[in-house]
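User: Could you go through this structure with me? I would like to start with the overall picture and then turn to details.
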Amino acid sequence: MADTVIYAMYDDDDVLKDGAKKLVSKGVKVTEVFSPFPIHGIDPIIGVKNTRLGIMAFLYGLTGLMLATIGMNYFMIQDWPMNIGGKPNGTYLQNFLAFVPISFEFTVLCGAHGMAITYLLRNKNLPGMPAQNPDPRTTDDKFVMELRLSENKNFSAEDLTAMVKETGIVELDQKELK
Amino acid sequence: MEFQVSNKAKMLTTVLMAVGIVFTLVGVVMAMGDHQLGTKIYSNMLVNSFFFFGIGLGALFFLALQYATETGWYAVIKRVIEAVAGFLPFGIGMMLVTLLTLSFTHGGHVYMWMDPDTVAHDSLVSGKSAYLNQAFFWIRTIAYMAIYFIFWRGFKNRSIQQDQNADMAIDLHFKNYRKGAAFLVFFAYFSSTSSWDWIMSIDTHWFSTLFGWYTFAGTWCSTMIVLVTLTLYLKKKGYLPKVNESHIHDLGKWTFATSFLWSYLWFSQFMLIWYANIPEEVTYYLTRRDNFTFLYFGMFFINFAFPMLILMSRDAKRHAGILTFVGLIIFAGHWLDVWVMVMPGTIGPKASVGLLDLGMAVLCLGFFVRVVLTNLTKAPLVAVNHPFLDESLHHDI
């Protein structure tokens with residue numbers, strides 16, 4: 001998809017935040033901001049949606065809970081009932097208390113691993129994957145704002161560049177994507 | 001901004017106290033001739049004074065925790081925490097009256113180790129008398145109360161001083177930091193041993209090392225419920241305009257987390273005793289399982305399931321209505337928790353939540369709310385010179 005991408009570099013996160021506010025108030029859509037650390041309050045300005053990772057965490061946890069219950073019911077009750085300390089092993093419910101810690105641990109295990117893997121996949125950030133940031137200096141002390149022409153149909157590339165230049169940038173880069 | 005107790009709040013708390021007194025009197029009249037009436041009154045005094053004392057102490061602990069960890073977000077609601085902690089002297093008074101009454105009635109069938117007759121004939125109790133005797137009990141109780149009171153007064157005075165002297169604010173902050181850490185050290189020991197002394201010694205034959213943490217988790221959770229509902233109330237009345245959704249969210253998270261801490265400790269204690277199945281340990285749970293099935297397990301279900309299912313999502317923790325609804329339900333649940341800690345050991349299998357129990361609880365609740373609201377009027381609602389106030393005003397999560 002042919003597109004023109006503008007990268008505006010700043011050396012201060014507050015300048016970037018003010019710049020983003022100014023651009024958004026003029027109707028410009030800011031696609032992404034790259035920063036070495038989380039910038040507080042930037043999400044609502046550039047319209048980043050709330051994360052849905054929490055919902056996934058709940059679903060992964062539920063999966064873990066179910067797997068643990070099915071597993072323990074099969075291992076400890078159906079297949080090979082074990083007598084541990086004389087505790088009842090006739091049905092799952094009779095020995096339910098002994099299974100609670102394992103259910104809890106497995107819920108946490110699945111929740112944590114599921115979340116970590118989802119996070120890495122969603123951000124295309126698995127070990128060995130190519131870096132997404134346009135400039136290695138955004139992992140050090142620079143901040144980059146990304147604008148795409150395809151998302152700003154009302155403006156030309158020249159308009160965008162002119163507006164960005166007024167916001168206290170230190171460097172400007174423009175790329176043509178094919 | 002200065003807080004004024006509204007006439008509505010004054011009337012409501014007065015009505016609560018009046019209803020409490022009426023219920024208590026009716027309850028006493030109805031129980032006339034019951035040989036357990038005295039024990040009933042003493043037990044309820046212990047339940048309510050411990051529950052509300054615990055909330056004041058929990059707030060003091062929470063404040064010390066914020067000081068010791070140099071937390072920033074809470075600065076804007078610091079006065080709310082201090083107002084709840086300000087119940088501590090009244091709570092100490094209530095506890096002392098209760099414990100003195102019990103001392104003068106040979107334990108009043110609440111502390112059987114206070115009864116010389118029982119100690120003489122019960123080898124288990126007499127074996128524990130090196131620790132559980134009146135003199136040492138009072139030495140410990142007075143030590144706890146004195147240290148809690150001294151720390152509370154210090155935090156309170158420094159907080160007011162900080163408001164008046166901007167140039168001393170940083171020094172006072174670091175002093176609070178040191179005192180907060182020192183308080184946590186005392187509290188770590190005292191919260192355990194005091195709950196053994198005041199609550200666990202009711203079932204004198206029984207013991208559990210987890211009991212202190214379990215009791216402490218319950219009081220902490222009740223404290224967080226009070227803090228979140230009080231903050232929501234003040235915000236709704238327009239007194240805390242700078243408190244934003246993130247502060248409410250954080251308080252909601254604390255309520256959620258402490259509910260889980262409490263459930264976790266309740267279950268840990270229960271499961272270990274269930275698994276080991278040693279006769280002298282299981283008696284505690286057998287009494288509760290056989291005679292208080294509904295109250296005991298219902299109380300656990302409410303205090304665990306309600307916050308877990310309803311407060312889990314981010315939106316629920318930011319919603320004033322949901323927070324208040326869940327908060328009020330588990331507040332009653334935690335009161336019931338203290339009730340089932342005490343009653344089965346004092347009155348026995350026949351104990352039930354009656355007019356007397358409800359009346360005394362409502363009376364103490366009215367008194368507690370009135371004291372906390374009055375405390376709020378005594379200082380400006382925002383601690384202006386707190387070094388982290390600016391950070392707190394921009395709190396955003």
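Predicted model: local features only at pLDDT ≥ 70, side-chain atom pairs only at ≥ 80, totals over all residues.

User: What box do the C-alpha atoms of chain B fill?
Analyst: Taken along the principal axes, the box is roughly 65 × 40 × 40 Å.

User: And how does its radius of gyration agree with a compact globule?
Analyst: The radius of gyration of chain B is 21 Å, which agrees with the value near 21 Å that a compact globule of 397 residues would have.

User: What percentage of chain B is buried?
Analyst: Buried residues account for 44% of the 397 residues in chain B. As for contacts in chain B with a separation of 6 or more, 81% of them join residues 24 or more positions apart.

User: Let's look at helix 2 of chain B. Is it mostly covered or mostly exposed?
Analyst: Helix 2 of chain B is mostly covered, with 27 of its 32 residues buried.

User: Changing topic: what domains does chain A have?
Analyst: The domain assignment gives domain 1 as 3-50 + 142-177 and domain 2 as 53-122. The C-alpha centres of these two domains of chain A lie 46 Å apart.

User: Where does UniProt place the transmembrane region in chain A?
Analyst: The unreviewed UniProt entry places this feature at residues 57-76 and 96-121 of chain A. In the model, residues 57-76 are 100% helix, with end C-alpha atoms 28 Å apart. Residues 96-121 of chain A are also 100% helix, and there the end C-alpha atoms are 36 Å apart.

User: Finally, how many residues does each chain give to the contact?
Analyst: Chain B gives six residues and chain A gives seven residues. On the side of chain B that touches chain A, the largest share is four residues from helix 10 (residues 245-276) of chain B.

User: And how do the residues on that side of chain B divide by type?
Analyst: The side of chain B that touches chain A has four nonpolar, no polar and two charged residues.

Key. Residues numbered from 1 in each chain as written. Chains lettered and ligands numbered in written order. Domains from an automatic or database assignment. UniProt positions renumbered as here; feature names shortened; annotations may be inferred. Helix = DSSP H or I, 4+ residues; strand = E, 2+ residues; numbered from the N terminus. Buried ≥ 20, exposed ≤ 12 C-beta atoms within 10 Å, placed from the backbone. Contact = placed C-beta atoms within 7 Å. Nonpolar A, V, L, I, M, F, W, Y, C, P; charged D, E, K, R; others polar. Rg over C-alpha atoms; globule rule 2.2 N^0.38 Å.
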